[in-house]
Amino acid sequence: MSVPVVAVTRQIPSPGIAPLEEAGFVVRYREVDAACPADELTELAAPAAGLFCLLSERVDAALLDAAPNLRIVANMAVGYDNIDVAACVERGVMVTNTPDVLTDATADLTWALLLAAARRIGEGERLTRTGRWSGWRPGELLGTGLGGKTLGIFGMGKIGSAVARRAVGFEMDVIYHNRRPVPGATAGYVSLEELLTRSDVIVLNAPSTPETRHVIDAAALATMKPTALLVNTARGPLVDEAALVAALQGGVIAGAGLDVYEAEPVIHPGLLELDNVVLAPHLGSATHEARAAMVQLACDNLVAVLSGQQPLTPVISLR
Ligand code: 8YV
C-alpha cells in the first residue's frame, strides 16, 4: 500500500507537522504564514489523502473533486463553516474539528473582551499611549460594574458553558438561549427575545449557520438595553456589522467587544472609528497551550482515519 499524502495548507504552530511525519506520511507542507489561495490549495490538495486546513481555507465541492483520493479534512478549529460538509459526506470524506482543547482559551478571551468593554480599557490604553492623560480624575472613563448584572449567553455549548462558569466569580446572574434547553445547565433558559431585553451583557457563542446569521440585527439591537454590551467571540456573520455600527453610534447599546468579523480580515470602517467598541484580531484560541493542542488533535484525527481507525472528533458520521 502506498504511503498516504497529507497536505497542510499553511504554517502551523508547534508541534507543527512532527506528528504527521512520525506517522510516516508524505507531508506536503505549505510553510507560509498566510491563507492559502484557492488555486494553490487545489494544487496542494490534489494528490492528498488527508487535508489539514484552517478557517482561512474554503473546502468546497470543486476542491474535493480536484482531490479524488481525499479521505479526511481535518480542520484546526472548532468551527467548520469554512467546509462544505454536505459535499464531503456525498464523497465519503470525513470531516473533523478541534473541540474541547480551546474551550477555556476562548472563554477567557470572551471575558477579556467583556471586561475591556465594561471598563473601557481600549479607550484608556489609547489615552495613555498618546500622551493625552493629564492625571487622575474622579469622573474619567467611568465604566460598568458587573456584580448583580445579568449575563445573557447565546449558544450554550462547551464555550458558552465555560463563559457561564466564569460569571460566578463576578457574581452575575446568567441566562441563556440555545436551540434547545441544555440539561444540567446552571443558567436559566429564556427565549431569544427575553435574552435580548433582560441582559446587561450579551455574549455570542453559537456556530455560524443559516439560522444564526444576523441573529443580532437592527431589530435585535433595538430591543437591547441602551446600557447593554455585546461580545462576539463566535463568528462574524452572527452580527449585522453595519447595524451594530449604527447602534453603537446612536447609543442604541452602550458598547461592544468583538473578536470576529463578517468579512475577515476586512473590518467595517465604522467600527474602526468608534471608541465604544474593543476590537481583537480573532484571538479566541490564541494561547500557546490551546494552539498546540489543536494542532495535535487535528494530526491525531488524520493519523486515526488514514490508518483505518475512527476519528477522535468527527463532525459527521459516515456510513
Ligand atoms: C481558530 C476558531 O483560531 O476554532 C475556531 O473555530 O475560530 C479559532 O479558535 C481558528 O478557527 C483557526 O482555524
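The model is a predicted one. Helix α2 runs over residues 38-45, and its buried residues are Leu 41, Leu 44 and Ala 45. Viewed down the axis of α2, these buried residues fall within an arc of 85 degrees, so they line one face of the helix. An α-helix has 3.6 residues a turn, so residues three or four places apart point the same way.

Just after α6, Gly 131 has a positive phi of about 70 degrees.

## The ligand site

Which residues are around the ligand? They are Leu 54, Leu 55, Met 76, Ala 77, Val 78, Gly 79, Leu 102, Arg 235, His 282, Ser 285, Arg 291 and Met 294. By class, this shell holds seven nonpolar, three polar and two charged residues.

| Residue | Part of the residue | Distance to a ligand oxygen atom |
|---|---|---|
| Leu 55 | backbone N or O atom | 3.0 Å |
| Met 76 | backbone N or O atom | 2.9 Å |
| Arg 291 | side-chain N or O atom | 3.0 Å |

On its own, the ligand has 320 Å² of accessible area, and the protein covers 92% of that area.

## Asn 75 in strand β4

Asn 75 belongs to strand β4, residues 72-75. Is Asn 75 buried or exposed? Its relative accessibility is 0%, so Asn 75 counts as buried. The side chain of Asn 75 makes a polar contact of 3.1 Å with the side chain of Asn 82. Apart from neighbours within four places in sequence, the residues in contact with Asn 75 are Cys 53, Leu 54, Leu 55, Tyr 80, Asn 82, Ile 83, Thr 96, Asn 97 and Thr 98.

## Backbone geometry in the loops

Most residues other than glycine have a negative phi, and most peptide bonds are trans. The following residues depart from that pattern.

The peptide bond between Ser 14 and Pro 15 is cis, with omega at about 10 degrees. Pro 15 lies in the loop between β1 and α1 (18-22). Another cis peptide bond leads from Glu 264 to Pro 265, where omega is near 5 degrees. The loop that holds Pro 265 runs between β11 (255-258) and α11 (269-273).

Asp 100 is not a glycine, yet its phi is positive, near 70 degrees. This residue sits in the loop between β5 (94-96) and α5 (103-118). Asp 100 has a relative accessibility of 44% and therefore counts as partly exposed.

Leu 141, likewise not a glycine, has a positive phi of about 45 degrees. The loop between α6 (121-129) and β6 (150-154) contains Leu 141. With a relative accessible area of 27%, Leu 141 is partly exposed.

Thr 103 is part of helix α5. Its relative accessibility is 10%, so Thr 103 counts as buried, the cut-off being under 20%. Residues up to four places away in sequence aside, Thr 103 touches Lys 158, Ile 159 and Ala 162.

Gln 296 is in helix α12, residues 288-306. What does Gln 296 touch, not counting residues up to four places away in sequence? The residues it touches are Pro 15 and Pro 19. Pro 15 is the residue whose peptide bond with Ser 14 is cis. The C-alpha atoms of Gln 296 and Ile 17 are 9.0 Å apart, while 279 residues separate the two along the chain. At a relative accessible area of 30%, Gln 296 is partly exposed.

Terms used. Residues numbered from 1 in each chain as written. Predicted model: local features only at pLDDT ≥ 70, side-chain atom pairs only at ≥ 80, totals over all residues. Heavy atoms only, no water. Buried < 20%, exposed > 50% of the residue type's maximum accessible area, 1.4 Å probe, protein only. Helix = DSSP H or I, 4+ residues; strand = E, 2+ residues; numbered from the N terminus. Arc of directions from axis to C-beta. Near = heavy atom within 4 Å. Polar contact = N/O pair within 3.5 Å; in protein donor to acceptor, adjacent residues only side chain to side chain. Areas by Shrake-Rupley, 256 points an atom, 1.4 Å probe, with all protein chains shown as cover. Nonpolar A, V, L, I, M, F, W, Y, C, P; charged D, E, K, R; others polar. Contact = heavy atoms within 4.5 Å.
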